Each structure stands twice: as structure tokens, then as C-alpha cells.
Amino acid sequence: MEAVVERIVTGAHYGLRDWLAQRITAAVMAVYTVILLVVLLGGAPITYPVWKDLFAQGWMRVATLLFAASLAWHAWVGMRDILMDYVKPAGARLTAEVAVLLAIAAYLGWTVQILWR
Amino acid sequence: MANATIRKPRPKYLSLHALLFEIRLPLPGWVSILHRISGLLLFVAVLWLLFLLDRSLASEAGFASVRAYAGLAPVKVALLVLVWAYCHHFCAGIRFLFLDLDKGGDLVTARLTSGLVLAVSLALTAWLGWKLW
């Protein structure tokens, strides 16, 4: 007899990947946060030229993009955990998950546009 | 019976009243649920924060308008809540990483670090709020 594996269409993968990704992305964001705080609080008062020059530098754009990408993955795992805990009907959960993914994609696109305008 | 005690009605179902007034979370429970709530809050707030970043980098006038906007009392309060959410999520996250490594799981340490997380995030929020304005 064939073994019947009940696959649930919405929710988790069946492994370690997302758990690990959430922690690694958290570490990336923590490092960025500390760097940003040092830059912002250690330097001159933030005027428009200071602010603009900061985000005009290549390393800052790339670092911010890495932060945004980490945030996107991290937030996806977190939001999916929340939806798995509180939204039980498969249809509603799938809809909410798709909405979260679309929002994350839009956030990312917007971030790129802001950084490289 | 010698060991008869007053029987509480069972089963007991979760009600809003029970959730709000009867179930008392231990300190680590507070850190945990606040970690979740702050994460959700930050995710939703990204939309607003990106809008502010966009405006502030777009032009000198945009920067000035964001600065004036951030000076309004309700906006200040909202930003402070987000700063707290970030600090709490940050500190509680570091605590969870230690728990992943099986460190600090015993009752005394868990309670102590929970109190520490709550206190440090509030202190950081106050400090950053003072630095920002």
C-alpha cells in the first residue's frame, strides 16, 4: 500500500532552511543597524547634503540593499509564522500569504528605485 | 474526602475576558508576544518609512517637509513606537538566538534576561528619542 503523505498547500516548507535564514538575515540587519547608528550619531548633524551624500555612496547603497533583502526574507518567515498560527482556513491563509509576498516584492522594488534614482 | 478542594468549572474555554484579565503571562511570555507584535508592526510600517525615505532623499524641499512632518506630535509618537518596536525586536531577537544555542533556558536566567530585554529596549528608545529630537 502506498504511504499517504498529507501535504498542506499553505504554510511551511518541511525543513531547516527558513528557520536558519531568519537567523542569518537577523544578523545581517543587526550589523547594518549598528553601522548606521554609528554613522548617523557619530557624524555631523543630519542636513539634506549630509543625508543625500550618505545614500549616494556605493557601499551605503549596497549595504542598504542587503538590509532590504534580508528584511524581505526575514519578514516573510515571520509573517508566515503569524499566519500559520492565527489563520486556519486554507483559502484565507493562502490569500494572506500572497498579499504579504506581493507587499514584500513591492517594498523591494521601491527600495531599489529610491536607492538608484 | 480529606483532599477535597473547591472544583473549578472545567473545561474552560478561552474568552476575550480570560485573555485580557485572567491569563497572566510570565515575563518571558511578554517578551515573546511583544516580539511578535513588534515584528508585525514593523512590517506594516515599512510602507510609511519607505515613503519618508523617498521624500527625504528626493529633494531639499522634500527633506525639509519630512523634517517638519516628523516634528508633529502624533508623528513623533508614532515614530517613537516604531523605534521601541525596533529596539524590542532587536533585543528580544538576540535573547532568542542565545536560547537557540541552549543558553539561558533555566527559570532564573530566563526571567532575568526577559526583564533585561524589556528594560534595555525602553532605555534605548528613550535614548534614541532624545538623540533624534
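**Exercise 1. The interface**

How many residues of chain A are in contact with chain B, and how many of chain B with chain A? Then describe the side that chain A presents.

*Solution.* The model is predicted.
- Step 1: count both sides. Chain A puts in 17 residues and chain B puts in 16.
- Step 2: assign the chain A side to elements. Those giving two or more residues are H1 (17-42), H2 (48-56), H3 (58-86) and H4 (90-115) of chain A.
- Step 3: find the main contributor. H1(A) gives the most, with 5 residues.
- Step 4: sort by residue class. The side of chain A that touches chain B holds 12 nonpolar, 3 polar and 2 charged residues.

**Exercise 2. The overall form of chain A**

Work out whether chain A is a compact globule or more spread out than one.

*Solution.* 
- Step 1: list the elements. Chain A has 4 helices and 0 strands. From the N terminus on, the order is α-α-α-α.
- Step 2: look at the box. Along the principal axes, the C-alpha atoms of chain A fill roughly 70 × 25 × 25 Å.
- Step 3: check burial. Of the 117 residues, 13% count as buried.
- Step 4: check contact range. Take the contacts in chain A with a separation of 6 or more; residues 24 or more positions apart account for 76% of them.

**Exercise 3. Helix H3(A)**

Compare the span of H3(A) with the expected one, then locate its buried residues and their partners.

*Solution.* 
- Step 1: take the span. H3(A) has 29 residues and reaches 42 Å from first C-alpha to last, close to the 42 Å expected at 1.5 Å a residue.
- Step 2: pick out the buried residues. Among them are A:Ala68, A:Leu71, A:His74, A:Trp76, A:Arg80 and A:Leu83.
- Step 3: find what the buried residues of H3(A) pack against. The partners are H1 and H4 of chain A, together with helix H2 (27-58) of chain B.

**Exercise 4. H3(A) against H4(A)**

At what angle do H3(A) and H4(A) pack, and how far apart are their axes?

*Solution.* 
- Step 1: read the geometry. The angle is about 170°, and the axes lie 10 Å apart.
- Step 2: classify. Angles over 145 degrees count as roughly antiparallel, so H3(A) is roughly antiparallel to H4(A).
- Step 3: name residues of the contact. H3(A) brings, among others, A:Leu65, A:Ala72 and A:Met79. Those from H4(A) include A:Val100, A:Ile104 and A:Tyr107.
- Step 4: sort them. The contact of H3(A) with H4(A) divides into 14 nonpolar, 2 polar and 4 charged residues.

Technical notes: Residues numbered from 1 in each chain as written. Chains lettered and ligands numbered in written order. Predicted model: local features only at pLDDT ≥ 70, side-chain atom pairs only at ≥ 80, totals over all residues. Contact = placed C-beta atoms within 7 Å. Nonpolar A, V, L, I, M, F, W, Y, C, P; charged D, E, K, R; others polar. Expected span 1.5 Å × (residues − 1). Buried ≥ 20, exposed ≤ 12 C-beta atoms within 10 Å, placed from the backbone. Rg over C-alpha atoms; globule rule 2.2 N^0.38 Å. Axes fitted to C-alpha atoms, helices over the stretch in contact; angles between N-to-C directions. Parallel < 35°, antiparallel > 145°, perpendicular 65-115°, else oblique.
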